[in-house]
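Subject: Structure handover

Hello,

Here is the structure I promised you. Please open it beside this email and follow along.

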Amino acid sequence: MKKNQIIIKVLIFSMIINLGVPLFSEEIKDTTPKPYDKKEFPQGVKDLRRFEIITLGALPFVTLDTTLAYSTIRYAQHNFDNAYAPDIFSKANFSQEEQKNIILTSVGICIGIGLTDYIVQLIKRNSKKRKVRQVTYDDISIIPISEDPDATELAIPDKTQTSDEVSDDTEEVQEIEE
């Protein structure tokens, strides 16, 4: 009885403490996390995370496909005996070595899928960088024609001239002396 009374007292004390502690806490401030900045994580870490998600996300599907492919091959190798017929809903009679090979093959295929996605993303990113070349406008200077000694003024056709008159004028070639 004495042991039970001690346990009850400890439980009551624990409840009082757990219920009383929030009374002395400060006001709860907004704990909403701020969104990530675009430059908060390096591109390599983002690529590694994408590789991980794609590789692990493909694993169940690839394992199912690998198991079905292995079962079908084994079924064909045993002259299509019904004991070896592929059935995803039956208990598979694979040995430990066969199970190990199926899992390792699935993991290898998933890593290949992840690496393929990684390479495709790198190629896309690099092609975008090549297409978007920054033009710096500091190198461009505008000089009025009157101040440029190498500039040549071209005559602008009158708006009153018809297109036939303009085409006749353009057939003549004028030589400009330098």
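The accessible surface of the protein is about 16,900 Å², and 59% of it belongs to carbon and sulfur atoms. Such areas come from the Shrake-Rupley method with a 1.4 Å probe; for residues, only the protein chains shown count as cover.

Please note that this is a predicted model: local features need pLDDT of at least 70, side-chain atom pairs count only at pLDDT 80 or more, and totals for chains, interfaces and linings use all residues. Residues are numbered from 1 along each chain as its sequence is written, and side-chain values use heavy atoms, with hydrogens and water left out.

**Overall build**

The protein has 4 helices and 0 strands. From the N terminus, the order is α-α-α-α. Both kinds of element are DSSP runs, numbered from the N terminus: helices are H or I with at least four residues, strands are E with at least two.

Of the 178 residues, 10% are buried. Buried means under 20% relative accessible area, exposed means over 50%, and partly exposed is in between (1.4 Å probe, protein chains only).

Now take the contacts (heavy atoms within 4.5 Å). Among those between residues at least 6 apart in sequence, 66% join residues at least 24 apart.

**Salt bridges**

How many salt bridges does the structure hold? There are 4. The term means a side-chain nitrogen of Lys or Arg within 4 Å of a carboxyl oxygen of Asp or Glu. Here are some of them.

Start with Arg49 and Glu52, whose side chains meet at 3.1 Å, N to O. These two are 3 residues apart in helix H2, so about one helical turn separates them. Arg49 is partly exposed at 46% relative accessibility. Glu52 is also partly exposed, at 37%.

Next comes Asp117 with Arg50. Their closest N and O atoms are 2.7 Å apart. Asp117 lies in helix H3 and Arg50 in helix H2, so this pair ties together parts that are 67 residues apart in sequence. Is Asp117 buried or exposed? Asp117 counts as buried, because its relative accessibility is 16%. Arg50 is partly exposed, with 37%. Leaving aside residues up to four places away in sequence, Asp117 touches Arg50 and Ile54.

Then look at Arg74 and Glu98. Their side chains form a salt bridge at 3.5 Å, N to O. Arg74 is in helix H2 and Glu98 in helix H3, and the pair links distant parts of the chain, 24 residues apart. Both Arg74 and Glu98 are buried.

**A nonpolar patch**

Which residues make the nonpolar surface patch of about 590 Å²? They are Ile103, Val107, Ile111, Leu115, Tyr118, Ile119 and Ile123. Patch residues have over 30% relative accessible area and no salt bridge; like charges are joined within 9 Å, nonpolar side chains (Val, Leu, Ile, Met, Phe, Trp, Tyr) within 5 Å. Tyr118 sits in helix H3. Tyr118 is partly exposed, at 33%.

**Two residues in a loop**

Finally, go to the loop between helix H2 (43-77) and helix H3 (96-131), where Asn79 is placed. Asn79 is not a glycine, yet its phi is positive, about 55 degrees. Asn79 counts as exposed, with 67% relative accessibility.

Phe80 is found in the loop between H2 and H3. Phe80 has a positive phi too, near 55 degrees, and is a residue other than glycine. At 52% relative accessibility, Phe80 counts as exposed.

Best wishes
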